[in-house]
Amino acid sequence: MTTQIGVLVMSYGTPESLEGVKSYYTHIRRGNPPSAEQLKDLKDRYEAIVGGVFPLRENTDRQVKALQEALNRDNKDKDVEYICFQGLKHARPFIEDGVERMAESGINQAVGIVLAPHYSVMSVGGYIKRAKEKAESSGIQMTFVQSYHLHPQLIEALSRRVSARLDQYEEAGANREDVRVLFSAHSLPERILSMGDPYRDQLLETSKAVAEQTGVTSWQFTWQSAGRTAEPWLGPDILDTLRELSKEQVEYVLSAPIGFVSDHLEVLYDLDIEAQSVAAELDMRLMRIESLNNDPSFMAVLSDVVRDRAGELKAGRP
Ligand code: FEC
């Protein structure tokens, strides 16, 4: 008999339309509506990247579909069928909706995974907490992938992207060694450090592994997309880093946002528009690595870690 395993694929979520930006932003702010100025600022940023569709919505849809295909295509364990459900942090279908749909489909065993490779109690931990609570009240036995930031195929996929851009720099006449690689991820409030959170260390581990695999020696880690709140956020921010590098006479920069797996606002606006415009002002060349999106090798990473957790479920060790 075939056992069905539900897979809750969790992602940040994005509005469905420009009219939906206000409620989305209010949800991110835990129910506090943004001021008119904050709302206008966010809408302007979306308007700059949205050509009719919100990229993150399309990309998450494609990733969920591709993961389900990968999980069932290469499935050696023919008595298991994987069914993927989407659960978003700040938009519909919410994490709780995804768990509810699993329960309605009669699923009683499930694996949860977040489309973000690095664990922080303030990011991945928040998704897992919500899914766990809903699974418990829905009678679903659920286990979670916490992080996959050093998975060999992830390091390989990121390394291929870094090497491809370094080749491009070389073709354009630059020396590979003169390109500064800037690994980056979404900033979080500085207080996570005193909580012993693994987020920063995991990001540094991914950066180091990719630098080693690509033979890059000129690299550093920097933060991006910090929230606009009064408390201190982890820095330096990529825009300040670019200004510092300009003082050091660095001309060529490669942005590698390893904390993200899709094209979305924080990549398409914060890097491709905002950081690019600072680089242009400083007369620097800035390129960015291609996002993973639904690259088959990224799907292989996800299916591998999901299967691993499913194996634990079957063995009764969730
Ligand atoms: O394309 C899109 O529509 C969504 C892009 C998007 C992604 C994303 C990922 C992360 N965030 C993380 C943490 C925070 C914290 C706050 C916060 C605020 C925002 C705002 C927008 C936004 N985030 Fe986000 N984030 C994305 C978008 N994020 C829009 C609100 C306006 C602004 O500050 O720009 C602050 C909340 C507060 O006010 O208290 C904290 C982390 C990630 C990466 C992990 C993940 O994907 O979950 C961490 C994509």
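The model on your screen is a predicted one.

**Stop one: two cis prolines**

Select P93 to begin. You'll find P93 in the loop between β2 (80–88) and α4. Look at the bond that joins R92 to P93: this peptide bond is cis, with omega at about -10 degrees.

Now jump to P236, in the loop between β6 (219–224) and α8 (238–247). Here the peptide bond from G235 to P236 is cis too, and omega is near 5 degrees.

**Stop two: the largest nonpolar core**

Next, select V7, L254 and F298. Among the 54 residues of the largest nonpolar core, these touch the most other members.

Zoom in on V7 and show its neighbours. Leaving out residues up to four places away in sequence, V7 touches L67, L71, Y82, I83, C84, F85, M102, V111, I113 and V306.

As background, nonpolar side chains tend to be buried together in soluble globular proteins.

**Stop three: salt bridges**

How many salt bridges does the model have? The count comes to 20, and here are a few to click through.

Start with K65 and E69, whose side chains meet at 3.4 Å, N to O. Both sit in helix α3 (residues 55–73), four residues apart, which is about one turn of the helix. K65 is exposed, with a relative accessible area of 56%, while E69 is partly exposed at 42%.

Move on to E96 and R130. The closest N and O atoms of this salt bridge are 2.9 Å apart. The pair links distant parts of the chain, with E96 in helix α4 (residues 95–104) and R130 in helix α5, 34 residues apart. E96 counts as partly exposed, at 25% relative accessibility.

Then pick R288 and D263, which form a salt bridge at 3.7 Å, N to O. R288 belongs to strand β8 (residues 285–288) and D263 to the loop between β7 (252–256) and α9 (265–268), so the pair ties together parts that are 25 residues apart in sequence. Are R288 and D263 buried or exposed? Both are buried.

Before you leave, select D41, R45 and R228 together: a network of salt bridges links them.

**Stop four: positive phi angles**

Go to R30, in the loop between α1 (21–28) and α2 (36–49). R30 isn't a glycine, yet its phi is positive, at about 50 degrees. R30 is exposed, with a relative accessible area of 73%.

N293 also has a positive phi, about 40 degrees, without being a glycine. Look for N293 in the loop between β8 and α11. At 14% relative accessibility, N293 counts as buried.

**Last stop: a surface patch**

M122 lies in the loop between β3 (109–114) and α5 (124–138), and is partly exposed, with a relative accessible area of 30%.

Technical notes:
Residues numbered from 1 in each chain as written. Predicted model: local features only at pLDDT ≥ 70, side-chain atom pairs only at ≥ 80, totals over all residues. Heavy atoms only, no water. Buried < 20%, exposed > 50% of the residue type's maximum accessible area, 1.4 Å probe, protein only. Core = buried A, V, L, I, M, F, W, Y, C linked by side-chain atoms within 4.5 Å. Contact = heavy atoms within 4.5 Å. Salt bridge = Lys/Arg side-chain N within 4 Å of Asp/Glu carboxyl O.
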